[in-house]
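Hello,

Here is the structure you are taking over. My notes on it follow below.

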Amino acid sequence: MEHLYEKAQESAEYIKAHTTKRPKIAVVLGSGLGNLTADFSETEELPYKDIPNFPVSTVAGHKGALLAGKLGEKEVYALEGRFHFYEGYSMKEVCYPFYVLKLLGVEQVVLTNACGGINREFAPGTLMLLTGFINMMGTNPLIGPNDERFGPRFPDMTEPYSLELRNLAKQTADELGISYKEGVYLGFMGPCYETAAEIRAFAGMGADAVGMSTVPETMVCNYLGMKVLAVSCITNMATGIQTVKHSHARVLEIANQAGETLCRWLGNYDSGEYEYIERDGFSIDRVECVYNWDDSEYRREEEEEEERRREERRMWNEN
Ligand code: HPA
């Protein structure tokens, strides 16, 4: 997308001019998970089609509007309807709203989605907090010339889902008695559901769940320096694990049911006026784990290697 920065600026200016709120947190509502905004107050709604340069959503079950509202005391943006690669949008279009959110001053993004369970310990209706992703979408939204005003050429993906936010979400779930699993989400291009052979391969790769969104958005939000929390609703077991054929209607039905719990969870999730403690570019939990990592063996190997190189140089100079 040419002139992405200027286009995103134009979208952001329009949103600022037509809303009074300035949220620091945005929630993306996946298939059938739209109920969250029912708990919003003082809602201001902007249809995507009215926002300059915004793509328009085409899938049943996905509305197409940006909402600015209050959830309790907190101001929140909600994206009702996302853009999928399988709809024919370019990856830059799929991720366009996040460039706009960044320019609007958003710092945290909560992504939700409906997906298929690969991990056999999951059942339809399970809520899964994402710990990581595997990109099997065959491309990457950050391919192309890089605009340094947005982020670096080679973005780090060490902590795609913020440990800080995950801990806050887990705390909320525990307080509310909401059960959840944690796992790795694999992004599949779609729009066909996966084959049973693909699911066996993905299980071997370490995926717990599979879906057709979330991964590009996660990459772009990290690139833009926004923290990401993501929650999946397992609406069905993946191909070959469940014995019946897939049905999008069933996906929406389960997402709607589990969506109620998800709404209760996110509605009470305290994204915190937390103090974000960072060292060496990692959040503090990650730092503890990096700094406590026993790397003595690794260091010994490095020293042995260096000694070998010194010895080689010595022999080379002597001859
Ligand atoms: N595969 C991919 N995407 C999905 C699935 C699935 O099984 N269920 C809901 N979204």
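**A glycine in a strand**

Leaving aside residues up to four places away in sequence, G132 touches P160, Y161, G183, V184 and Y185. This is a predicted model, so please read every value here as computed from it. G132 belongs to strand β6, which runs over residues 127-136. Is G132 buried or exposed? With a relative accessible area of 10%, G132 falls under the 20% cut-off, so G132 counts as buried. The C-alpha atoms of G132 and L186 are 8.7 Å apart in space, while 54 residues separate G132 and L186 in sequence.

**The chain as a whole**

The chain has 319 residues, and buried residues make up 49% of them. Its secondary structure comes to nine helices and eleven strands. Take the contacts between residues at least 6 apart in sequence: 81% of these join residues at least 24 apart. The accessible surface of the chain is about 15700 Å², and carbon and sulfur atoms account for 49% of that surface.

On confidence, the average pLDDT of the chain is 88, and 89% of the residues score at least 70. Residues 274-292 stay under 50 in pLDDT. For residues 274-292 the model has 30 contacts beyond four places in sequence.

**The ligand**

Which residues surround the ligand? They are A114, C115, G116, Y193, E194, V210, G211, M212, T235, N236, H246 and V251. By type, the shell divides into six nonpolar residues, five polar ones and one charged. Three strands each supply at least two residues of the shell, namely β5 (108-117), β8 (209-211) and β9 (227-237). The largest share, three residues, comes from β5.

Some distances between the protein and nitrogen of the ligand are worth looking up in the viewer. For A114, a backbone N or O atom is 3.4 Å from a nitrogen atom of the ligand. For G116, a backbone N or O atom also lies 3.4 Å from a nitrogen atom of the ligand. For E194, an N or O atom in the side chain is 2.9 Å from a nitrogen atom of the ligand. On its own the ligand has 260 Å² of accessible area, and the protein covers 94% of it.

**Backbone details**

Most residues other than glycine have a negative phi, and most peptide bonds are trans.

- The peptide bond from G190 to P191 is cis, with omega near 0°. P191 sits in the loop between β7 (181-188) and α5 (196-205).
- H3 is not a glycine, yet H3 has a positive phi of about 55°. H3 lies in the segment before α1 (4-18). The relative accessible area of H3 is 54%, which is over the 50% cut-off, so H3 is exposed.
- T214 is not a glycine either, and T214 has a positive phi of about 70°. T214 is placed in the loop between β8 and α6 (215-223).

Regards

Terms used:
Residues numbered from 1 in each chain as written. Predicted model: local features only at pLDDT ≥ 70, side-chain atom pairs only at ≥ 80, totals over all residues. Heavy atoms only, no water. Near = heavy atom within 4 Å. Polar contact = N/O pair within 3.5 Å; in protein donor to acceptor, adjacent residues only side chain to side chain. Areas by Shrake-Rupley, 256 points an atom, 1.4 Å probe, with all protein chains shown as cover. Helix = DSSP H or I, 4+ residues; strand = E, 2+ residues; numbered from the N terminus. Nonpolar A, V, L, I, M, F, W, Y, C, P; charged D, E, K, R; others polar. pLDDT = per-residue confidence, 0-100. Contact = heavy atoms within 4.5 Å. Buried < 20%, exposed > 50% of the residue type's maximum accessible area, 1.4 Å probe, protein only.
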